[in-house]
Structure formats: structure tokens, C-alpha cells
Amino acid sequence: MSAPEEMDVVLEKLPLRIGAYVPDDLLEDWFAPGTGMNPVSKEALAAAKTYGWRFECEFKYYPERMEGVFWKWVPAI
């Protein structure tokens, strides 16, 4: 399984400084199915980061919240 096409659209249209939050079970299902969970696998986190870059998004995983966040960074002014 991979991220649904709708997520591609979300990240393409994501405004600066707004996040798209993805629970850890979906991170595993989308980016590294079968690698286990709790904690989320390194493979899933690396693949999510690479996926985010396709849309010029940063990615960070928050284990205490059990979710990852994609967002578009604000360039230095």
C-alpha cells in the first residue's frame, strides 16, 4: 500500500506553516507495510520523509503523539 492519491493532492496544495497529521498506523501501512509498529519502523519514517520532499514538505515524527506531520517550511526572508 502507498499513500492515497488524495494525500498527494493535500501536500501539493498545503499552505505554508499548516500541517497534515498522519497517525502512526497509517505511516506504517503507507510507507513500510509489514515492517512492524510500536515503534514505527525506521524504514517507514525514512520513506515518509522522502515522500514529503516530493511535495517540498518537511516531515517529523512525534512518538509521544503517535503521529507524523508534513508541512511546508517558510523560507528565510
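Glu-58 stands opposite Trp-71 in strand 3. That pair belongs to strand 2 and strand 3, which run antiparallel over 5 bridges. Two strands are called paired if DSSP finds at least two bridges between them.

Before I go on, the ground rules. This is a predicted model, where local features need pLDDT of at least 70, side-chain atom pairs count only at pLDDT 80 or more, and totals for chains, interfaces and linings use all residues. Residues are numbered from 1 along each chain as its sequence is written, and side-chain values use heavy atoms, with hydrogens and water left out.

Back to the sheet. Strand 1 also pairs with strand 3, again antiparallel, over 5 bridges. There, Gly-19 has Trp-71 as its bridge partner, and Ala-20 sits opposite Phe-70. Put together, we have an open sheet of 3 strands in the order 1-3-2, with antiparallel pairing. Strand 1 and strand 2 are at the edges with a single partner strand each, so one side of each has no neighbour in the sheet. On average, neighbouring strands are turned by 20° against each other, direction ignored.

Now the faces. Which residues of strand 1 are buried? Ala-20 and Val-22 are, and they point to one face. Buried means under 20% relative accessible area, exposed means over 50%, and partly exposed is in between, using a 1.4 Å probe and protein chains only. In a regular strand the side chains alternate between the two faces of the sheet. Strand 2 has a covered face with Phe-59 and Tyr-61. Its uncovered face holds Glu-58, Lys-60 and Tyr-62.

Next, the helices on the sheet. Helix 1 lies across strand 1 and strand 3, at about 150° to strand 1. Helix 2 lies across strand 1, strand 2 and strand 3, at about 85° to strand 1. Those angles run from 0 to 180 degrees between N-to-C directions, with axes fitted to C-alpha atoms, for helices over the stretch in contact.

Look at helix 1 itself. Met-7, Asp-8 and Leu-11 are buried. They sit on the same side of helix 1, because they cover an arc of only 105° around the axis. That arc is taken from the directions from the helix axis to the C-beta atoms. Glu-5, Glu-6 and Lys-13 are exposed on the other side. The buried residues pack against strand 1, helix 2, helix 3 and strand 3. Contact here means heavy atoms within 4.5 Å.

The largest nonpolar core has 19 residues. By definition, such a core is a set of buried Ala, Val, Leu, Ile, Met, Phe, Trp, Tyr and Cys residues joined through side-chain atoms within 4.5 Å. Met-7, Leu-11, Leu-27, Phe-31, Tyr-51 and Phe-70 touch the most other members. Helix 1, strand 1, helix 2, helix 3 and strand 2 each supply at least two residues.

What does Phe-31 contact, leaving aside neighbours within four places in sequence? Ala-3, Ala-44, Ala-47, Ala-48, Tyr-51 and Phe-70. Take Ala-44, in helix 3. Ala-44 is buried, at 0% relative accessible area. Not counting residues up to four places away in sequence, Ala-44 touches Leu-27, Glu-28, Phe-31 and Ala-32.

Last, the loops. Most residues other than glycine have a negative phi. Two residues to look at here. Glu-56 is not a glycine, yet has a positive phi of about 60°. Glu-56 is in the loop between helix 3 and strand 2, and is exposed, at 60% relative accessibility. Met-66 also has a positive phi of about 60° without being a glycine. Met-66 lies in the hairpin of strand 2 and strand 3, with 4 residues between the strands. Met-66 is partly exposed, at 48% relative accessibility.

One more contact. How many salt bridges are there? The count is 1, where a salt bridge is a side-chain nitrogen of Lys or Arg within 4 Å of a carboxyl oxygen of Asp or Glu. Arg-65 forms it with Glu-67, the closest N and O atoms being 2.9 Å apart. Arg-65 is partly exposed, at 39% relative accessible area.
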